[in-house]
2 protein chains.
Amino acid sequence: MVQQIPKQPVPTSPAPPAVPTSADVARLAGVSRATVSYVLNNTSAVRISEPTRRRVRAAAEELGYVPHAAARSLRAGHSRMVLMPAPPVPVGPLYSRFFSELQWALGRLDYTVVQYGGVGLKGDEEARAWAELRPVAVLVPGTGLGPRGVAVLKRAGARAVVTLGPERVEGAHALLMDQRGVGRRAGEHLLARGRRRIGVVLPEEAGLDLFSRPRLQGVRDALHGRADAEVTELPLAYREESATALAARWRSLGLDAVFAYNDEYAMLLMRALQDEGVGIPDETSVVGADDLVLGRLLRPRLSTVHIELPSGQELAELVERVVREPGTAPETHEVLGARLVPRESS
Amino acid sequence: MVQQIPKQPVPTSPAPPAVPTSADVARLAGVSRATVSYVLNNTSAVRISEPTRRRVRAAAEELGYVPHAAARSLRAGHSRMVLMPAPPVPVGPLYSRFFSELQWALGRLDYTVVQYGGVGLKGDEEARAWAELRPVAVLVPGTGLGPRGVAVLKRAGARAVVTLGPERVEGAHALLMDQRGVGRRAGEHLLARGRRRIGVVLPEEAGLDLFSRPRLQGVRDALHGRADAEVTELPLAYREESATALAARWRSLGLDAVFAYNDEYAMLLMRALQDEGVGIPDETSVVGADDLVLGRLLRPRLSTVHIELPSGQELAELVERVVREPGTAPETHEVLGARLVPRESS
């Protein structure tokens, strides 16, 4: 039986419980606060006897004292926190794997990755909120961070500010992920297969414009200067009804190919086209993107653009290098690999 | 062209750049530090003239000063940070959507959600690392947090500690997500369809045991007391080769049904079985879980267990209520809904 979590009247706030401080530990252990700090931070510069160290640790344990990350980072000169804004839309399997790998690689370098979920903050406001946590590095996927935001972060102590997205931002290191290349590969492939009237799926789900618009532009790039070829935009929601409706008017569109944004939309649309009796690839070629396992399971097998994100390991090493040498001039690296994997659907 | 991010020798660390403090702002604006604090925190309790407020804001702007989150939370009595450990494995679409929704709902209540990526820390160590950030609430998916960890978090000021997982932890609020119910629904359905020799897929990918083991147990529960029915464990990696190998020896296993862990594994295995000539559902029934759109696109359409996670809105309201009244006795709510959606594959 699933219960609803009950709503209850919210009483007025009581006094917050007392949080144990290093002063409490010092009092219980009978030592100075400085000694507590030396012991709990494993400072080797100061000689402290083993019995005293034990007493301090026992007192901290008894009181449930944990150092304050911020206070500790102030002492250490910088924190080990790498802040990354959480993406605003539910993530796909590709990004999810990339993030797990990055988190792991940074963890091995003794950084803590914190994904910050901002809602409704714009531009510099957002950068200011991130800066309040005093991260040593900030990795910003997508767009939205401007040069002023970068400056705010740096002045708050961030040594590395790295953007992952379509364009460079002044003052930050840039890992350029040009989604246009994804569309270009698809467009070039379809042209080579003799296709001339190419539909391009634009997901109706919020937040995907950031990827779908440059992919569309990439297809246009591929067709540039070809008077005999043209692109048709196809809005599509990730729902069966939406695909069925599009398939029902397919023949009136006069298309001979479709680049379906990614493999999931391709699968959705291909099924609807098949149910409508549209021959694939004879009547219409279908190309997806992401190279998911599921595309190989379809019949016909789905042609796709394989996308290579930067490895988490490489990105972690870039962060480490820039944190250690914060004066490094901003670097720009093209990191999005895109290559076509032709299968049976095109 | 994709470049490798170059590795370069790491020089020794230079002195960290000076981070502007509220004292710097006070000096530039010609006011006291207290005044800076009142102005930048929009305190209305103290009367400060509009020209002074403007001067302080201009000075903060010029210096690029942002308040320190930790210092601010100490003043406010508690932070607005909700900490959530990042899941150790790449997340599926269901969790990704749940997390986006939760983040949004907590954002509307003026909380900031921070996903903490811990690597290699165990038990209390992990809780201690979270406690260092002084979150006002901690939401812990999965297992691993023990009663001592809960106590550490509470003593560091966390007012709400909520676990989302298979069991209650002393001192914490529990949203029970019993994966057994998912397996039980599948088992009951297959029994009702006259199936008696039921295979259960166990993904070989790391980290999924947490879900697959209780789902297996749920199938066993459904078959309990039925001498004529039995369960066979089927390890399977999410790769075509693995599915092909399993399909090749399918007939020697003598199974008449399979609960394939989730829809993605079900799709992988069903394709391999079809390629092997195994009739579905006549020879073998297939049931997945998650009710993804893609399951409805298969032929035969995939039977599945629809899983309902708690809504982000409900969970956000629970957090708000407990933060305001931290003395609330730990509550336990069953939140995982599971119902079978029969289609053509079973």
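This is a predicted model: local features need pLDDT of at least 70, side-chain atom pairs count only at pLDDT 80 or more; totals for chains, interfaces and linings use all residues.
Chain A comes out with an average pLDDT of 86, and 88% of the residues score at least 70. Residues 10–16 of chain A are another story, with pLDDT below 50. That stretch still has 14 contacts in the model beyond near neighbours in sequence.

## The six-stranded sheet

Let's go back to the strands. Chain A has an open sheet of six strands in the order 7-6-8-9-10-12, and the pairing is mixed. At the edges sit strand 7 (230–236) and strand 12 (337–341) of chain A, each pairing on one side only. From one strand to the next, the twist averages 20 degrees.

Strand 10 (residues 303–308) and strand 12 of chain A run antiparallel, with five bridges joining them. Lying across strands 6, 7, 8, 9 and 10 of chain A is helix 12 (residues 263–275). Helix 12 of chain A runs at about 155 degrees to strand 9 of chain A.

## A look at Glu230(A)

Over on strand 7 of chain A you'll find Glu230(A).

Skipping neighbours within four places in sequence, Glu230(A) is in contact with Arg196(A), Arg197(A), Ile198(A) and Leu223(A). With Arg197(A), the side chain of Glu230(A) makes a polar contact of 3.1 Å. Arg220(A) is 10 residues away from Glu230(A) in sequence, and their C-alpha atoms are 8.1 Å apart.

Technical notes:
Residues are numbered from 1 along each chain as its sequence is written. Chains are lettered from A and ligands numbered from 1 in the order in which they are written. Side-chain values use heavy atoms; hydrogens and water are left out. Two strands pair if DSSP finds at least two bridges between them. Helices (H or I, at least four residues) and strands (E, at least two) are DSSP runs, numbered from the N terminus. Axes are lines fitted to C-alpha atoms, for helices over the stretch in contact, and angles run from 0 to 180 degrees between N-to-C directions. Contact means heavy atoms within 4.5 Å. pLDDT is the predictor's confidence in each residue, from 0 to 100. A polar contact is a pair of N or O atoms within 3.5 Å; within protein, one must be able to donate a hydrogen and the other to accept it, and residues adjacent in sequence count only if both atoms are side-chain atoms.
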